[in-house]
Amino acid sequence: MAEIEPFHVMALLARARELEAQGRSIIHMEIGEPDFPTPAPIIRAGVRALEKGELFYTPTPGLPQLREAIAGYYRSRYGIAISASRILVTTGASAALMLVCAALIDPGDEVLLGDPGYPANRHFVRVVEGVPRAVPVDAESGYQLAPTHLEQHWGARTAAALVASPSNPTGTLISTERLAAMVEIARAKGGTLIVDEIYHGLVYEGEYTTAAAFADDVFVINSFSKYFNMTGWRLGWMVVPEAYAPGIDKLAQNLYLAAPTPAQHAALAAFEPETLAILEKRRREFQARRDYLVPALRGLGFDIPVMPQGAFYVYAGCGRLTKDSLAFANELLERAGVAITPGIDFGANAPERHVRFAYANSIERLKEGVARIAKFLGKTGN
Ligand SMILES: Cc1ncc(COP(=O)(O)O)c(C=O)c1O
């Protein structure tokens, strides 16, 4: 526990809420969840489940009809056949990440992680006494682990590499070719590639598919949180190699019994055409926000060498504006009322020179945020 760090952004968010309670207007660009409400068809299905009293435990791997519905989604979205027996419903991608680490890592085993990356990953590894190996990534590899990194850093104790595509905090994708090559390398080394696809669906350009399309020995993590706008329902899933399903079922039984029952019933409506149409509209809105925000931030002096292709994040270099991104974020909040996430939350690879902007906010609010930052920097906004 002593080695687990908090999400630093939580302290910043708490301060932002405090300022709001004092009557200050705050533009939120720090929060890592969609601002859109859960689509109405999903809410209606959830309400129906509550009214019908669907409040008993489900089987640990999830409601059979939800596992089938997820398998159907892989068929319709990616054109691949995945047996429902390989799909395990979890309490968010968080539980899936915990389970995969518990399943694959022995004490002392190493896991390769791109830095910057999602902060919880190294802690999941640590909780099961594994050793997180941060590999610095930069613009050259699209802020993602690449096949060359795996070749270079895979050692005798490496059990797995964990990637997220699109990534938090950089929003960048791993190309299909690279992902396929990384699956091959992990397999050749006798290890595993774990691919977090939680931001799938929120992609604005570039070809992409699920890693489950290449191989049935990868672990794929996904969630209803981001694309489906269901963060608070705490529901996700993983696709695991057939042979691992019973073992992970056993782990999940012991760790948390089952994912929330009403949420699972609600999620049955997530793949209906009506819901997918709502989500597609929202995806286009996210894209419009990105297309506004990236050039605006570049205009203010932030360095964004790679256009983020997905998620709702812009990972921006702030080295021309400050030498201390944490102090910068705190000051920006206090003086300008704009909340952003300092690089320190995402690893040890030049965090003091980076900040993350989340565009989970309306274009009007983003414009106001940019104008405030411009004023704070003594520049004219655009
Ligand atoms: C890359 C990544 N993985 C996993 C999660 C956890 O999501 P959840 O547990 O809500 O599915 C997040 C949340 O921000 C994330 O950014």
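User: Which space is the largest pocket?
Analyst: This is a predicted model: local features need pLDDT of at least 70 and side-chain atom pairs pLDDT 80 or more, while totals for chains, interfaces and linings use all residues. Residues are numbered from 1 along each chain as its sequence is written, and side-chain values use heavy atoms, leaving out hydrogens and water. A pocket is an open set of points on a 1 Å grid over the protein atoms alone, where a 1.4 Å probe fits, with protein on both sides within 12 Å along at least five of seven lines; a molecule sits there if more than half of its atoms lie within 2 Å of the grid points. The largest pocket is the space taken by the ligand.

User: Which residue does a cis peptide bond join to Asn-168?
Analyst: Ser-165 and Pro-166 are joined by a cis peptide bond, with omega about -5 degrees. Another cis peptide bond, with omega about 20 degrees, joins Asn-168 to Pro-169.

User: Is Arg-234 buried, partly exposed or exposed?
Analyst: Arg-234 is not a glycine, yet its phi is positive, near 55 degrees. Buried means under 20% relative accessible area and exposed over 50%, with partly exposed in between (1.4 Å probe, protein chains only). Because its relative accessibility is 33%, Arg-234 counts as partly exposed.

Terms used: 1 Å grid on protein atoms, 1.4 Å probe; cavity = no way out; pocket = protein on both sides within 12 Å on 5 of 7 lines; lining within 4 Å.
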